[in-house]
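Please look over the sequence and the model first.

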Amino acid sequence: MLTIDVITLFPEMIDAAVSHGVLGQALKSERLSVKTHTPREFAQDRHRTVDDRPFGGGDGMIMLPETLEKTLQKVQHKNSKVIYLSPQGKTLTDEMARSFSKEEHLVFICGRYGGIDQRIINSYVDQEVSIGDYVLSGGELGALVVIDALARFIPGVLGHDDSADKDSFSEGLLEYPNFTRPRAYLEQEVPEVLLGGNHKVIEEWKKKVSALVTLKKRPDLFKEFLKVENEKYQAQKKKKTAAPLKELIEFYKTLSENDLKVLGLEDLREEDFNV
């Protein structure tokens, strides 16, 4: 079982969030453990002070290194990976979340105010992680994003073992559009292929639609996907299909006006394939 310890000045933020939904079920089934710890536990003065002004001046208060270090020493062991949530860190990806899910023990440090003392980062932090190029008032929301993302890769957490592998980014592609009853709604009908029982055909269709959705919404991801697909194609001794891009264009041409509309692809044009 993956054990996660979160160091935060606001443990109630973490405790409340992980008690619901997928994370709540993961905790109840003991596939994941999330505990919170606050540096205030080690504060010595009557105000339980955990921050102070930065040397050299500047905005914000810096979390005191002594209380933070004692909290780290309380939870850290030889197999721990310490992560500091920071806008300066490497941006979280699906691959990174998958890697974190395989760790034995994760410790998340949630900064507040002006951040934490750099000496703690130098001495204790294994990796800085960001959830995007923007600044939040603290690391708690970032920690929750990372925990939620990694939990999906823990076996048994989701309803189906392959659910995480079919989500957006799992194969370098965005997820295909999903539909439920009724078949016709808002003058849009569910594509006919999804109503058939040929699961192999449906899976192949979904992958091609995922590629088209990615081309439209994230051409940067599509370029990387196409690069990998071309390498696979070139490695084939006997090529049974057309080149990946040509095959995708031919598939695009088979989609009806209704299909393009309901899939959100009606403004996709052939010239968009020139990536």
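The sections below go through the domains, some packing within each of them, and a few single residues.

## Basis of the report

This is a predicted model, in which local features need pLDDT of at least 70 and side-chain atom pairs count only at pLDDT 80 or more, while totals for chains, interfaces and linings use all residues. Residues are numbered from 1 along each chain as its sequence is written, and side-chain values use heavy atoms, with hydrogens and water left out.

## Two domains

The chain is assigned domain 1 (2–152) and domain 2 (166–273); such bounds come from an automatic or database domain assignment. Between the C-alpha centres of domain 1 and domain 2 the distance is 39 Å.

One pair of residues gives a further distance. Asn 258 and Thr 36 are 222 residues apart in sequence, and their C-alpha atoms are 51 Å apart in space.

Helices (H or I, at least four residues) and strands (E, at least two) are DSSP runs, numbered from the N terminus. Helix α3 covers residues 65–75, and its buried residues are Pro 65, Thr 67, Leu 68, Thr 71, Leu 72 and Val 75. Buried means under 20% relative accessible area, exposed means over 50%, and partly exposed lies in between (1.4 Å probe, protein chains only).

What do the buried residues of α3 pack against? Their partners are the strands β1 (2–7), β2, β4 (62–63), β5 (80–91) and β6 (105–110), together with helix α5 (118–124). Contact here means heavy atoms within 4.5 Å.

Tyr 84 is part of strand β5. Tyr 84 counts as buried because its relative accessibility is 8%. With neighbours within four places in sequence left aside, Tyr 84 is in contact with Ile 109, Gly 111, Gly 115, Ile 116, Ile 121, Val 125, Gln 127, Glu 128 and Val 129. From C-alpha to C-alpha, Tyr 84 and Ser 130 are 8.7 Å apart in space, and 46 residues separate them in sequence.

Lys 35 belongs to strand β2. Not counting residues up to four places away in sequence, Lys 35 touches Ile 4, Asp 5 and Val 6. Lys 35 and Val 75 are 40 residues apart in sequence, with 9.9 Å between their C-alpha atoms.

## Helices α8 and α9

Two packed helices are described by the angle between their axes and the distance between the axes. Helix α8 (residues 219–235) packs with helix α9 (residues 244–254) at an angle of about 115°, and the axes are 9 Å apart. The axes are lines fitted to C-alpha atoms, for helices over the stretch in contact, and angles run from 0 to 180 degrees between N-to-C directions.

On the α8 side, Phe 222, Leu 226, Glu 229, Asn 230 and Tyr 233 meet Pro 244, Leu 245 and Leu 248 of α9. The contact of α8 with α9 holds six nonpolar, one polar and one charged residues. In this scheme Ala, Val, Leu, Ile, Met, Phe, Trp, Tyr, Cys and Pro count as nonpolar, Asp, Glu, Lys and Arg as charged, and the others, Gly among them, as polar.

## Aromatic rings

How many aromatic pairs are counted? The count is two. Rings of Phe, Tyr and Trp (its six-membered ring) pair if their centres lie within 6.5 Å; planes under 30 degrees apart count as stacked, over 60 as edge-to-face and the rest as tilted. Phe 222 and Phe 225 form a tilted pair, 6.2 Å centre to centre with 45° between the planes. Both Phe 222 and Phe 225 lie in helix α8, three residues apart, which is about one turn of the helix, and both are buried.

Tyr 252 and Phe 273 form a tilted pair too, with 5.3 Å between centres and 55° between planes. Tyr 252 lies in helix α9 and Phe 273 in the segment after α10 (257–262), so this pair ties together parts that are 21 residues apart in sequence. Tyr 252 and Phe 273 are both buried.

## Backbone features in loops

A cis peptide bond joins Arg 181 and Pro 182, with omega about 0°. Pro 182 lies in the loop between α6 (140–151) and β8 (184–185).

Arg 48, which is not a glycine, has a positive phi of about 55°, and Arg 48 sits in the loop between β2 (32–37) and β3 (51–52). Leu 186 also has a positive phi, near 50°, and is found in the loop between β8 and β9 (188–189). Leu 186 counts as exposed because its relative accessibility is 63%.
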